[in-house]
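Welcome, and take a moment to settle in with the sequence and the model. Let us walk through them together.

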Amino acid sequence: MATTPTQVACDIKSVELADMGRKRIDWANQSMKVLQIIRKEFIKNAPLKGIRISACLHVTAETANLAIALRDGGADVALCASNPLSTQDDVSACLVRDYGIPVFAIKGEDNETYYQHIMAALDHKPHITMDDGADLVTTILTKRQDVGEGIIGGTEETTTGVIRLRAMAKEGVLRYPIIAVNDAMTKHLFDNRYGTGQSTIDGVIRCTNVLLAGSKFVVAGYGWCGRGLAMRARGLGADVIITEVDPTRALEAVMDGFRVMAMAEAARLGDVFVTVTGDKNVIRGEHFEVMKDGAIVANSGHFNVEIDIPALDKMASSKRTTRPFVEEYSMKDGRKINLLGEGRLINLAAAEGHPASVMDMSFADQALSVDYLVKNHKSLEKKVYAVPEDLDKRVAKLKLESMGIKIDRLTPEQEEYLASWSEGT
Ligand SMILES: NC(=O)c1ccc[n+]([C@@H]2O[C@H](COP(=O)([O-])OP(=O)(O)OC[C@H]3O[C@@H](n4cnc5c(N)ncnc54)[C@H](O)[C@@H]3O)[C@@H](O)[C@H]2O)c1
């Protein structure tokens, strides 16, 4: 494993990039007011003293601010990437050089290196794992059972990770309690919806410069991310089409004013396609077969399995990279289909991920969940837990305060009224 002049164990692109990373981290920090408050408390009380954390997250400026806050709380943090394309190499360099935080992540790393980096983060012998997609927990379960012993708990950032962890709990193989940070209201309502909504459009536009006004924009999946993406694409003048498998969500999309149809039909109409389902092979051979010449296809769901890329590879006669993060596939009938960011989450591959202001809440939830685990792990079972409601509400309250927004409070009379079943009769 490489070391830098600072002798911090790491594998990063180059420590020379640290000055740029410093500016990026400071810029993000300006918009992370809730995390700043938690960081101050952490500095004062050092609640995480002696706790080793292995974090597998997108290595961005926002994540850097979380890692710094945890370190200031007394934790010893090691970080690896949760996706081969989402790392900001300058941010990693700054974390290593200026904060002595071991980072194992290089943007564009191949699959083998990606898993080597996960192993390196686990060599840290964590008490707490922090996942975005459950790769740490899965690796501990399958390949690194040696690390499992000292672990008191973990946190999970995203929908796909929570689904995997619930499956483990159901099968009785989960080895320690996990807090599903994704399920906090202050996480998915804002991060998945507004964060993914805006940053996915940002990723698509940055790498293609496509005009969305007047385009037919197909969103696969009308969950938290899909709702945000559809809303923002409409805001830019696109004619948005939704595909779904859940009848209630499909109905919701209809009543939100979108066209809803099966992918087989949407595939013929779309100019731009984005999958955000957490599912696999949502766009596949039969859909590529009927797509228009010049169609753009991207994914913003967690794993790069939502688009059947092997099928596209087989169907194409050739491919070339036309712009950064754009692969143009020439089909045998002469049509071109453009795949963005190797089918990996496009907001992180081609743009910078979510804005700091929204990650402020997600990472405040992460920091407080770690603090909660340290204090309460003895009473927790090997299950997936929700973020405690008071913690979730505190994050919302702090965010509102940081925005200078005051809200009403219940009067004693209203409290009594709302708590009573006999009132109103
Ligand atoms: N890009 C990012 O930065 C980012 C941020 C948050 C979450 N995510 C990921 O995005 C994905 C979606 O997250 P979410 O919170 O919106 O989940 P969600 O469960 O709220 O929504 C997913 C929706 O997709 C639908 N779906 C499933 N299979 C489908 C199919 N074959 N065709 C059409 N629709 C289908 C489901 O019915 C559901 O309504 C997950 O993988 C999650 O981890 C990415």
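What follows is a short tour through a sheet, a pair of strands, a single lysine and a pocket.

This is a predicted model, in which local features need pLDDT of at least 70, side-chain atom pairs count only at pLDDT 80 or more, and totals for chains, interfaces and linings use all residues. Residues are numbered from 1 along each chain as its sequence is written, and side-chain values use heavy atoms, with hydrogens and water left out.

Let us begin with the sheet. Strands of a sheet pair through backbone hydrogen bonds, either parallel or antiparallel. Here, 8 strands form an open sheet in the order 9-8-7-10-11-14-13-12, and the pairing is mixed. At its edges lie strand 9 (259-260) and strand 12 (316-323), each pairing on one side only. Two strands pair if DSSP finds at least two bridges between them; helices (H or I, at least four residues) and strands (E, at least two) are DSSP runs, numbered from the N terminus. Strand 12 runs antiparallel to strand 13 (residues 326-331), and 6 bridges join them. Within strand 13, Met331 stands opposite Ala316.

Now turn to strand 5 (residues 153-156), which is covered on both faces: Gly153 and Thr155 on one side, and Gly154 and Glu156 on the other, are all buried (under 20% relative accessible area with a 1.4 Å probe, protein chains only; exposed is over 50%, and partly exposed is in between). Strand 5 pairs with strand 4 (residues 128-131) in the parallel sense over 4 bridges, and Thr155 is the bridge partner of Met130.

Next, find Lys33 in helix 2 (residues 33-45). Lys33 counts as partly exposed because its relative accessibility is 38%. Leaving aside residues up to four places away in sequence, Lys33 touches Asp360 and Ser402, where contact means heavy atoms within 4.5 Å. The C-alpha atoms of Lys33 and Lys399 are separated by 7.4 Å, although these residues are 366 residues apart along the chain.

Our last stop is the second largest pocket, with a volume of about 420 Å³. On a 1 Å grid over the protein atoms alone, a pocket is an open set of points where a 1.4 Å probe fits, with protein on both sides within 12 Å along at least five of seven lines, and lining residues have an atom within 4 Å of a point. Grid points are joined across faces, edges and corners, and the volume is the space filled by probe spheres set on the points. Helix 16 (residues 389-402) gives the largest share of this pocket's lining, 5 residues. Among the lining residues are Lys393, Leu400, Asp408 and Glu415.
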